[in-house]
Amino acid sequence: MMDANRKSRIRKRLTDWALTGLLFLAMCIICLPGLWIVLNSLRPTVEIMAKPPVWIPRELSFDAYVAMFSGVGQGGIPVVQYFRNSMIIAVTSTIISLAIGMSGGYAFARYRFRFKGGWFLGLMLTRAVPGIALSLPLFFLYARVGLIDTHAGMILAYTALNIPFTIWLIDGFFRQVPKDLAEAAQIDGCTRWQAFWQVEFPLARPGIASAGIFAFLISWNEFALASQLTRSTDSKTLPVGLLDYTAEFTIDWRGMCALAVVMIIPALLLTYAVQKHLVSGLTSGAIKG
Amino acid sequence: MKAWRLPPHIVLLMPAVIVLAAVVLIPLVLSLYSSFTPFRLTRPDSIYQFIGFRNYERIFTDADFWIAFGRTVLLLTIALNLEMVLGLGLALLVERASRGQRLLRTILMFPMMFSPILVGFQFKFMFNDNVGLVNNALQSLGLTDQAIPWLIDGTLAFIAITIAEVWSSTSVFAIFILAGLMAMPREPIEAARVDGCTAWQTFKYVTWPFLMPFAFIAMTIRSLDVARAYDIIKIMTDGGPAGRTEVLWTLIARTAYSDARMGMANAMAYVAILLSIAFTALFFRQLGKARAQVAADW
């Protein structure tokens, strides 16, 4: 009896260790590509290309970053402009799609109307049209109205890209806020508008934050549309800028890694800032729908 | 006389509908029209020449297109299933960890911050046969003394692309399933234990049915942006070597921009759009069913 107990306890501890080891390994695999990029942005090209490989870096420097910011002509790329374009386009389109998503999500959560399910599915399906399929006709349309290579054009496109998903998430959140609260506020003399801003909006804020981070990440990272609709430093975004480090048959890996780090940092900071809301924000609509 | 006003839900939905009509619907109508013409970028007036279904007829007999079509479905099936299984495993592992939950969750979300094009470059670098991390590691560990031609051999390139795709998107599944695990009530699991269920039975009959809606939400989101695969493949192999990793999106882009056959490309795009709409609608239906199931059981 004692023996069987001990045996099962040992076996339990062994599985525990094995599972913890597995978790550690999985986390390493997830992090590895990112760390590899950071490491290579700090190493001289000779070392990246070395055969046999150099595992322990001999010298680390910020040369790649210095070169990148030193401007066109001195081995740099217009990274400041790209960054500015990316920021303007991503932030503006996130704000607009949140506003539109809030009004749309509120309509789905609070009103009954005919063909509601159909409208909802229809809006969602517009997202199923992939960027590359959209970029061909959108290119013609934009060329006709003069939106090629402008911030406005990119903002409009990304707003449309983000609306379906924002509506979906925000709809789920407004559903969780009990209807009675807003009605009580209206009985107390608020208008519907006031009741929304003072009662329902604060309660749904975590969900709106998580919808915002998703919209931002999608706009910040999008490539297929941006590569067709932008031409010059007037509107090129960072993902398109990555291509500046490629030539016909060669790629400047070190420079590209440095730009990649510049690209990831804002996304990382923002995600970390709102990560608390992210998990709960994503799934609140899952069960109740 | 009372002024006539639109019902509020129409006013509220109006902005969304207007933007989507301008950026998605109008271009789609345009491309539908041009798919019935032999439109070429080099000859702008060819857009007025109507040829009926000839583009579509040509697609249906075009072996390259159907190979790419099959390969797209194959890639999606393999990638989505792998991501689902790995995501489930990761979520279960993270959930049972007693310390460092916050850190683990942040790491879990890490790949979601990477632009798909960045994922493409990153894995192109890592799978580079000469200086890549994978070959360097294999050679240093003495597992092979030759450089494995990852992106040069067709089958290996397909595997490399699948790995990149799985790395970048497993976290979507993991996050959703993790949130499902966290939202799950404890009592039914304990009840199942008391009734003498094994761990596997508890998982199969209690935990998994509860997690289903979460998994399907992740599926739906993923199927909404499957075209992310375009960015990754475009960078890693651009459909090569010799078309061995060509999927629908790379084929469409090549037809449209390199060959400048816009009409043809738009016809292809329509077939592809129908494919992804079918996938999305399917997952939406499953989601509804799984939700109803959970609502009935819990």
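The legends below accompany several close-up views of a predicted model.

Local features are described where pLDDT is at least 70 and side-chain atom pairs count only at pLDDT 80 or more, while totals for chains, interfaces and linings use all residues. Residues are numbered from 1 along each chain as its sequence is written, and chains are lettered from A and ligands numbered from 1 in the order in which they are written.

**View 1. Chain B as a whole is built from 12 helices and 0 strands.** Here helices (H or I, at least four residues) and strands (E, at least two) are DSSP runs, numbered from the N terminus. The C-alpha trace of chain B spans about 85 × 75 × 35 Å along its principal axes. Of the 298 residues in chain B, 43% are buried; a residue is buried if 20 or more other C-beta atoms lie within 10 Å of its own, exposed if 12 or fewer, and partly exposed in between, with C-beta atoms placed from the backbone. Two residues are in contact if their C-beta atoms, placed from the backbone, lie within 7 Å. Among the contacts in chain B with a separation of 6 or more, 68% join residues 24 or more positions apart.

View 2. Residues 12-33 of chain B are 100% helix and 0% strand, with 31 Å between the end C-alpha atoms. Residues 267-284 of chain B are also 100% helix and 0% strand, and their end C-alpha atoms lie 26 Å apart.

**View 3. Chain B meets chain A through 72 residues of chain B and 69 residues of chain A.** On the side of chain B that touches chain A, helix α1 (residues 8-34) gives the most, with 15 residues. That side of chain B comprises 57 nonpolar, 11 polar and 4 charged residues. In this count Ala, Val, Leu, Ile, Met, Phe, Trp, Tyr, Cys and Pro are nonpolar, Asp, Glu, Lys and Arg are charged, and the others, Gly among them, are polar.

**View 4. Let's zoom in on helix α4 (residues 79-110) of chain A, which packs against α1(B).** The angle is about 135 degrees and the axes are 8 Å apart, which makes α4(A) oblique to α1(B). Axes are lines fitted to C-alpha atoms, for helices over the stretch in contact, and angles run from 0 to 180 degrees between N-to-C directions. Angles under 35 degrees count as roughly parallel, over 145 as roughly antiparallel, 65 to 115 as roughly perpendicular and the rest as oblique. On α4(A), A:Ile100, A:Ser103, A:Gly104, A:Tyr106 and A:Ala107 take part; their partners in α1(B) are B:His9, B:Leu12, B:Leu13, B:Pro15, B:Ala16 and B:Val19. This helix pair's contact has 8 nonpolar, 3 polar and no charged residues.

**View 5. B:Ile232 sits in helix α10 (residues 228-236) of chain B.** B:Ile232 is buried because 26 other C-beta atoms lie within 10 Å. Beyond its neighbours within four places in sequence, B:Ile232 is in contact with B:Pro116, B:Val119, B:Gly120, B:Ile161, B:Ala164 and B:Glu165. B:Lys124 is 108 residues away along the chain, yet its C-alpha atom and that of B:Ile232 are separated by 9.1 Å.
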